[in-house]
Amino acid sequence: MEAKKLQPISSSLHGTISVPGDKSISHRAVMFGSIAGGVTTVENFLPGEDCLSTIACFRKLGVTIRQDGTRVTVNGAGLEGLQEPDGILDVGNSGTTIRLMMGILAGRPFHSVLIGDHSIGKRPMTRVTNPLKSMGASISGRKGAEFTPLSITGGNLEGIEYKLPVASAQVKSAILLAGIQAKGDTTVVEPEKTRDHTERMIRMFGGEVRTDGNAITVHGGQTLTGTHVNVPGDISSAAFFLAAGAIVRDSRIELKNVGLNPTRTGIIDVLCEMGADLSIKEYEESSSEPAGDMVIQTSDLKGTIIEGELIPRLIDEIPIIALLATQAEGKTIIKDAAELKVKETNRIDTVVNELAKLGARIEATEDGMVIHGKTSLHGGTVSSHGDHRIGMMLAVASLITSDTTHLENSEAVAVSYPSFFDHLNSLK
Ligand code: S3P
């Protein structure tokens with residue numbers, strides 16, 4: 001596909017956006033709906049490529065799922081009703097699909113084979129396959145089940161107590177999903193708190209989960225019951241407009257119905273720390289996931305340090321934070337973020353290399369990056385490298401470049417935000 005030609009904005013950004021449904025919650029709504037008994041209805045589902053991969057995989061496991069845009073109805077099969085697929089399960093680009101599904105399949109007494117795209121083929125899987133094997137699942141794959149294709153035969157699991165070596169919601173979720181099918185209790189201890197959508201969803205579907213500090217416990221043999229899930233807007237998608245509103249002159253953008261789960265709001269903490277003109281109105285709690293409206297206006301930003309427990313709360317926002325930092329006075333340091341190396345791309349390298357092509361003063365470090373602001377960016381040819389969040393970050397950067405930016409592989413944005421360019425253009 002030809003590179004997308006992006007012109008710098010000549011004026012300001014104004015308007016209101018309802019960002020699409022949260023990706024993490026949309027995946028889980030389909031998965032929990034599938035393993036629950038009865039009907040689950042999902043409202044404001046994200047019809048992005050990743051979540052459509054989840055639907056396709058569960059259909060192959062025998063679940064009847066109707067999807068009509070942002071409305072999804074799942075005729076839950078119950079865990080016992082899932083069937084051995086007669087073909088390969090293809091997760092596309094979706095790490096959440098493959099890792100959480102491994103947790104579900106670990107408890108099922110049949111054989112499945114999972115593959116994904118080129119990027120999935122490079123992402124580490126022993127972080128999931130090792131604990132699932134120690135619970136009793138039989139799993140093999142390339143390089144000792146580190147890489148896809150993975151093959152799994154599950155059943156007869158024993159509960160475990162497992163200390164996560166990395167702060168990962170996907171790994172935690174996989175073990176909990178296996179744990180609800182195992183004998184006895186399963187406890188996962190996180191080094192730092194990660195997004196807790198799985199725990200919230202177990203409760204929403206009538207299951208039980210106990211949390212004690214960073215330890216999360218489920219008991220085996222749970223049955224879940226279908227429910228209605230209203231998915232809030234994705235704060236990780238909103239982040240691109242929060243950044244655009246802050247860095248494009250004389251702008252004001254309103255964002256409606258954005259998820260405000262505290263395990264995901266690190267971007268808000270960072271924007272406030274950097275001095276952004278951001279206001280938030282949280283809705284009265286009406287569902288299991290908090291949400292609210294936000295207004296961002298052009299802001300004078302200053303550099304900051306991002307590290308420690310904040311990292312898992314904004315891990316997917318680091319590419320756009322790097323762009324914000326190029327427009328902030330002083331130095332921004334991002335550390336403790338080595339996990340970025342194993343995302344859809346090595347996001348330390350792709351962020352640093354692509355932003356440097358536009359004139360950013362940015363350096364990679366072992367576990368993050370250092371950005372020196374404030375820098376005027378110029379145009380150039382850049383690439384998403386097939387990574388949706390890199391593509392959207394570069395499109396926002398192109399608003400403030402001095403001349404045209406050519407964005408290669410711009411179609412990658414459809415993984416999490418198919419209407420991204422339409423929404424961006426509606427603000428101009
Ligand atoms: C996700 C968890 C995070 C995040 C990903 C979605 C989830 O990954 O980066 O985009 O839905 O659980 P890790 O668990 O690998 O940190």
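Helices here are DSSP runs of at least four residues, numbered from the N terminus. By that rule, helix H5 covers residues 142-145 and contains Lys143. The model is a predicted one.

- The ligand takes up the space of the largest pocket.

**Residues around the ligand**
- The shell, taken with a cut-off of 4 Å between heavy atoms and the ligand, includes Ser24, Arg28, Thr96, Arg99, Ser168 and Ala169.
- Gln170, Arg195, Ile315, Asp316 and Lys343 also belong to the residues around the ligand.
- By residue class, the shell has five charged, four polar and two nonpolar members.

**Polar contacts and cover**
- Ser24 places a polar side-chain atom 2.7 Å from an oxygen atom of the ligand.
- For Arg28, the distance from a polar side-chain atom to a ligand oxygen atom is 2.6 Å.
- A polar side-chain atom of Ser168 is 2.7 Å away from an oxygen atom of the ligand.
- On its own the ligand has 390 Å² of accessible area, and the protein covers 94% of this.

**Backbone geometry**
- Thr148 and Pro149 are joined by a cis peptide bond, with omega at about -5°. Pro149 is part of strand E9, which runs over residues 147-153.
- A cis peptide bond also joins Gly373 to Lys374, and its omega is about -5°. Lys374 lies in the loop that links strand E22 (368-373) with strand E23 (380-383).
- Lys143 is not a glycine, yet its phi is positive, at about 50°.

Conventions
Residues are numbered from 1 along each chain as its sequence is written. This is a predicted model: local features need pLDDT of at least 70, side-chain atom pairs count only at pLDDT 80 or more; totals for chains, interfaces and linings use all residues. Side-chain values use heavy atoms; hydrogens and water are left out. A polar contact is a pair of N or O atoms within 3.5 Å; within protein, one must be able to donate a hydrogen and the other to accept it, and residues adjacent in sequence count only if both atoms are side-chain atoms. Accessible areas come from the Shrake-Rupley method with a 1.4 Å probe; for residues, only the protein chains shown count as cover. On a 1 Å grid over the protein atoms alone, a cavity is a set of points where a 1.4 Å probe fits but cannot get out, and a pocket is an open set with protein on both sides within 12 Å along at least five of seven lines; lining residues have an atom within 4 Å of a point. A molecule sits in a cavity or pocket if more than half of its atoms lie within 2 Å of its grid points. Ala, Val, Leu, Ile, Met, Phe, Trp, Tyr, Cys and Pro count as nonpolar, Asp, Glu, Lys and Arg as charged, and the others, Gly among them, as polar. Helices (H or I, at least four residues) and strands (E, at least two) are DSSP runs, numbered from the N terminus.
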